Amino acid sequence: MVSTPLLSDLGTEIVIPVCAIVGIVYALVQWYLVSNVKLSPEKHALNSSSKNGFAESLIDEEEGLSDQNVVVKCAEIQNAISEGATSFLFTEYQFVGIFMVAFAILIFLFLGSVNGFSTKSETCPYDQSRLCKPALGTAIFTTISFLLGAVTSLVSGFLGMKIATYANARTTLEARKGVGKAFITAFRSGAVMGFLLAANGLLVLYIAINIFKLYYGDDWQGLFEAITGYGLGGSSMALFGRVGGGIYTKAADVGADLVGKVERNIPEDDPRNPAVIADNVGDNVGDIAGMGSDLFGSYAESTCAALVIASISSFGINHDLTSMCYPLLVSSMGIIVCLITTLFATDFFEIKAVKEIEPALKRQLIISTVLMTAGIALVSWIGLPSSFTIFDFGSQKVVKSWQLGICVCVGLWAGLIIGFVTEYYTSNAYSPVQDVADSCRTGAATNVIFGLALGYKSVIIPIFAIAISIYVSFSFAAMYGVAMAALGMLSSIATGLAIDAYGPISDNAGGIAEMAGMSHRIRERTDALDAAGNTTAAIGKGFAIGSAALVSLALFGAFVSRAGISSVNVLSPKVFIGLIVGAMLPYWFSAMTMKSVGSAALKMVEEVRRQFNTIPGLMEGTTKPDYATCVKISTDASIKEMIPPGALVMLTPLIVGTLFGVETLSGVLAGALVSGVQIAISASNTGGAWDNAKKYIEAGASEHARALGPKGSDPHKAAVIGDTIGDPLKDTSGPSLNILIKLMAVESLVFAPFFATHGGLLFKL
């Protein structure tokens, strides 16, 4: 009995590209709306009516500042940031491009050599009775999909950076009209990035599958095995984007804070600070370009993992296109759901006061999750047969369509829970961060102790959420269920990225307001936007880490199936040595990235001190600092320092698989997953909490905060030190770790045919 889905194959072939194109069009509309904010000074027409029907008066004009001057200044600063970010990314992409080509050749050689580069058809790995395309074909197509994924990942990051640097000054100028206007500008630009990324990822993958089909024909197992290269390409570029961008941004940030705030007592983003342009450039290359590539990688990998497992289940065996494309249908639904969700922030409700910002962003998460639950039910109803079988380590398991729907929803809701727990631990509206701020009364040491404790504690609930979602989805639909749970967590990626990119954009807007010398009231507004943005950035990282855990488990399952291991026995010495070494890797990786930030920050601090000491008139504000040298220090450090951590992650699976074989490699993957998730969550949340404890003291919004302040007081200095320690934790090591977990797993999956035939050289001696 084989039931067919309600949605016809033709319907599927129309729905997926249409949803992707709708997402791209929507992003361009938002871009157009943002571009209506002009960055050239112009006389204001008297009859410009606002929503309430009377002309909007600008704060600056009330205070008698010349309007033209401010706009010109903002445009200049924006230009400097944009140029810095573009030139850094081009430099980074040159290095990454060389690596990309080299690694593509490596993939071709390793996979082509599985059967000695023969062009004859061979028996299928899962079904000995049929003939499949030769390993050489898979080698060529895996290499192509690797390059496709890599290029899409780089383009996603680059577009995100372009949009962010385009929107930052516009957000500052809108802040003169009120906090609501500024919020909408920042949020819209975030949405541009979110939708472009989700839609591009889906469209490129869909087109690739259709082109590969011309060669593979009926051999779907070979087809989707070749498609895994797409996830590998996406994530390997994300690794360099995250590590390089993270080192860049934090070297500048730490240097600017230590000398500027602690030693010289000048405010954040003061134009006299030589590292200030580098710091603002860093927000764009690390938090935006890095984050974009990272989430794109997760998204590509979870889809690839699901497709690989589906291709050896009844979907692939019966050549049922609609149910085979179920992961892509879920993503298409996600784009439409996020589109509706975004309208709630920009069009249905208007933000009038500062305290409404954070609830508005949280509402985005809740609305998208609730709507997506209904969307998943619909997709599962029309896109799946009522009953089907899923490959489960050698046997086929019978699954009902509602069970698979539940797997996706479990991932979706686990993501929401992780998001809210992260928010509770990192937002200064709640007691954990206020306790950390309070501990600053007795100096930096107690602040550090409290912050570390908070980070470790914040791991508990997210891990339970991940554990429950793994158990439920695995019980229902084996490894395919886990892959779909990961995709469920990422199904609202467009909204997640919009609220995530919103943070660095508002951060930049605040910096521009300070550098352009705008009034105190505008800086207060951008600070409020920025504090909310800090929390949403932490939520975004929570999502990225949670989904990375599920994705890498699903990839691990696909790898074990492909490598022909029936079970992974922890008590076997081969596996156990892998486990313990794998668990060590995240520490080694974190050590490398932390040290890189530290040594780059050292150079930066020395340079900033040198300029303050030797350039006459710098502190008085009569001469301009030399921004370019600081930008150069950050660029050089990050390009040089991103290579060793990158090499560690990319080479480990190759070395372990080739020398020790697939069993030890399965141990390494499990170990890295288990320890990496814990370190990633605690590092991100510790850093986020320290940052917001500092902002809590600076804002002075409550009695308690005013008792600790003002800026420059001893507790504030202790808070700045905590924030500085947290910087590399939350923006370099933490977020890069989730890429380490995913990347090793997807790489093992891509090279699995090679390891299965030629791996384990040491044990063969």
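Start with the largest nonpolar core, which holds 227 residues. Select Phe 183, Tyr 326, Ile 357 and Tyr 480: these have the most contacts inside this core. Then colour residues 179–216, which form helix 5; this helix gives the most to the core, with 22 residues. The model on screen is predicted. In soluble globular proteins, nonpolar side chains tend to be buried together.

**Tyr 326.** Centre the view on this residue and hide its neighbours within four places in sequence. What is Tyr 326 in contact with once they are left aside? The list is Ile 376, Val 379, Ser 380, Leu 384, Leu 404, Gly 405, Val 408, Tyr 480 and Met 484. One of these partners, Tyr 480, is also among the core residues with the most contacts.

**The second core.** Next, select Val 421, Ala 437, Tyr 696 and Ala 718. They are included in a second, separate core, which has 19 residues.

**Whole chain.** Zoom out. The chain has 24 helices and four strands. Its C-alpha trace spans about 85 × 60 × 45 Å along the principal axes. A compact globule of 765 residues would have a radius of gyration near 27 Å, and the 26 Å of the chain agrees with that. Of the 765 residues, 65% count as buried. Among contacts between residues at least 6 apart in sequence, 85% join residues at least 24 apart.

Switch to a surface view.

**Glu 122.** Select this residue in strand 1, which covers residues 122–123. Not counting residues up to four places away in sequence, Glu 122 touches Asn 115, Arg 130, Leu 131, Cys 132, Lys 133, Pro 134 and Ala 135.

**Asp 219.** Finish in the loop between helix 5 and helix 6 (220–263), where Asp 219 is found. Is Asp 219 buried or exposed? Its relative accessible area is 7%, so it counts as buried, the cut-off being under 20%. Leaving aside neighbours within four places in sequence, Asp 219 is in contact with Arg 130, Cys 132 and Lys 133. Arg 130, Cys 132 and Lys 133 are also among the residues that Glu 122 touches.

Terms used: Residues numbered from 1 in each chain as written. Predicted model: local features only at pLDDT ≥ 70, side-chain atom pairs only at ≥ 80, totals over all residues. Heavy atoms only, no water. Helix = DSSP H or I, 4+ residues; strand = E, 2+ residues; numbered from the N terminus. Rg over C-alpha atoms; globule rule 2.2 N^0.38 Å. Buried < 20%, exposed > 50% of the residue type's maximum accessible area, 1.4 Å probe, protein only. Contact = heavy atoms within 4.5 Å. Core = buried A, V, L, I, M, F, W, Y, C linked by side-chain atoms within 4.5 Å.
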